[in-house]
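Subject: The structure you asked about

Hi,

Here is the structure I promised to pass on. Have a look at it first, and then read my notes with it open beside you.

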Amino acid sequence: MTTSDLWDEATAASYDETSAAMFAPDVLDPTVDRLAELAGEGRALELAIGTGRVGIPLAERGVEVVGIELSPAMAQRLHAKAPDLPVMIGDMATTQVGGTFALVYLVFNTIGNLTTQDEQVACFANAARHLGPGGRFAVEVGVPALRRLPPGQVAIPFDVSAEHVGLDTYDPVTQQAMSHHYSREADGSYSYWPHHFRYVWPSELDLMARLAGLRLESRTADWRGAPFTAESESHVSVWRA
């Protein structure tokens with residue numbers, strides 16, 4: 001077990017619904033388009049594949065997809081939709097599957113689920129172990145929003161609506177952070193769900209990649225290829241073996 005939060009049955013059961021915005025075609029289609037391009041004719045390994053938001057449509061494009069997932073409950077939800085998509089239960093920092101891949105990828109800030117630097121370094125090493133010559137490791141992750149923190153403030157809202165309020169709290173000393181989700185239920189009450197993560201800078205990821213024998217090939221602000229700038233709130237980085 002890693003330091004990652006473990007998605008339980010209750011969280012897995014509502015994950016697709018609570019993450020519905022990430023399933024929208026304008027979000028998902030560019031993600032799958034770019035990953036299919038990176039995989040080419042080769043196999044793809046998704047770390048922390050979850051309920052298959054990305055892995056299933058990528059497989060439907062003709063890419064052979066294999067997944068690693070820490071939560072059996074999340075994998076069960078995936079297999080209810082795609083019974084034949086192979087998923088190995090385990091953590092993404094150490095679990096190995098057979099064969100080599102043209103592409104290993106991590107989406108939707110999931111590298112931060114590993115809440116220590118050592119585990120994030122190990123994740124890069126594990127990705128590199130699975131890559132064939134010239135293979136690529138792609139990571140989608142947010143840029144830490146510390147520029148928005150005035151002195152004395154520790155929380156930054158990332159979503160405020162009638163149905164959901166989300167706040168991120170940051171510890172700049174340890175790089176530990178937590179997302180706080182307050183969701184409105186059908187009866188008008190609110191449920192609370194925290195999620196721990198370790199924020200990581202692009203340059204820090206580049207060093208992790210170098211330690212794993214990978215080199216930066218590209219960095220864009222999104223899956224569509226928008227330029228990455230000082231104002232970008234997230235990035236898609238691709239390192240190559």
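This is a predicted model: local features need pLDDT of at least 70, side-chain atom pairs count only at pLDDT 80 or more; totals for chains, interfaces and linings use all residues.

Residues are numbered from 1 along each chain as its sequence is written, and side-chain values use heavy atoms, with hydrogens and water left out.

Helices (H or I, at least four residues) and strands (E, at least two) are DSSP runs, numbered from the N terminus. Two strands pair if DSSP finds at least two bridges between them. (Axes are lines fitted to C-alpha atoms, for helices over the stretch in contact, and angles run from 0 to 180 degrees between N-to-C directions.)

Now go through the pairs. Strand E7 (residues 164-171) and E8 run antiparallel and are joined by eight bridges, with His164 opposite Ser183 in E8. E7 and E8 form a hairpin with four residues between them, and Gln175 in the turn has a positive phi of about 65 degrees. Strand E8 (residues 176-184) also pairs with E9, in the antiparallel sense, over nine bridges. Tyr182 stands opposite Tyr192 in E9. The hairpin of E8 and E9 has five residues between the strands, and there Gly188 takes a positive phi near 95 degrees.

**The seven-stranded sheet**

Seven strands make another open sheet, in the order E3-E2-E1-E4-E5-E11-E10, and here the pairing is mixed. Strand E3 (87-89) and strand E10 (215-220) are at the edges with a single partner strand each, so one side of each is left without a neighbour in the sheet. The twist averages 20 degrees from one strand to the next. For a parallel pair, look at strand E1 (residues 44-47) and E4, which are held by three bridges; Leu45 has Val104 in E4 as its bridge partner.

Helix H5 (residues 72-81) packs on this sheet, touching strand E2 (65-69) and E3, and its direction makes about 165 degrees with that of E3. Contact means heavy atoms within 4.5 Å. Helix H7 (residues 202-211) lies across strand E5 (131-142), E10 and strand E11 (234-240), running at about 15 degrees to E11.

**Aromatic rings**

How many aromatic pairs does a search of the whole structure find? The count is eight. Rings of Phe, Tyr and Trp (its six-membered ring) pair if their centres lie within 6.5 Å; planes under 30 degrees apart count as stacked, over 60 as edge-to-face and the rest as tilted.

One of the pairs is Trp7 with Trp193, edge-to-face at 5.9 Å centre to centre and 70 degrees between the planes. Trp7 lies in the segment before helix H1 (9-18) and Trp193 in strand E9, so the pair ties together parts that are 186 residues apart in sequence. Trp7 is buried at 14% relative accessible area, whereas Trp193 is partly exposed at 31%. (Buried means under 20% relative accessible area, exposed over 50%, partly exposed in between, with a 1.4 Å probe and protein chains only.)

Tyr199 and Trp201 also form an edge-to-face pair, 6.0 Å centre to centre with 85 degrees between the planes. Tyr199 is buried at 5%, and Trp201 is partly exposed at 31%. Ring pairs link Tyr170, Phe197, Tyr199 and Trp201 into a cluster.

Most residues other than glycine have a negative phi. Phe108 has a positive phi of about 55 degrees although it is not a glycine, and Asn109 has one of about 70 degrees. Phe108 is in the loop between strand E4 (101-106) and helix H6 (117-130), and Asn109 lies in the loop between E4 and H6. Phe108 is partly exposed at 30%, and so is Asn109 at 35%.

Happy browsing!
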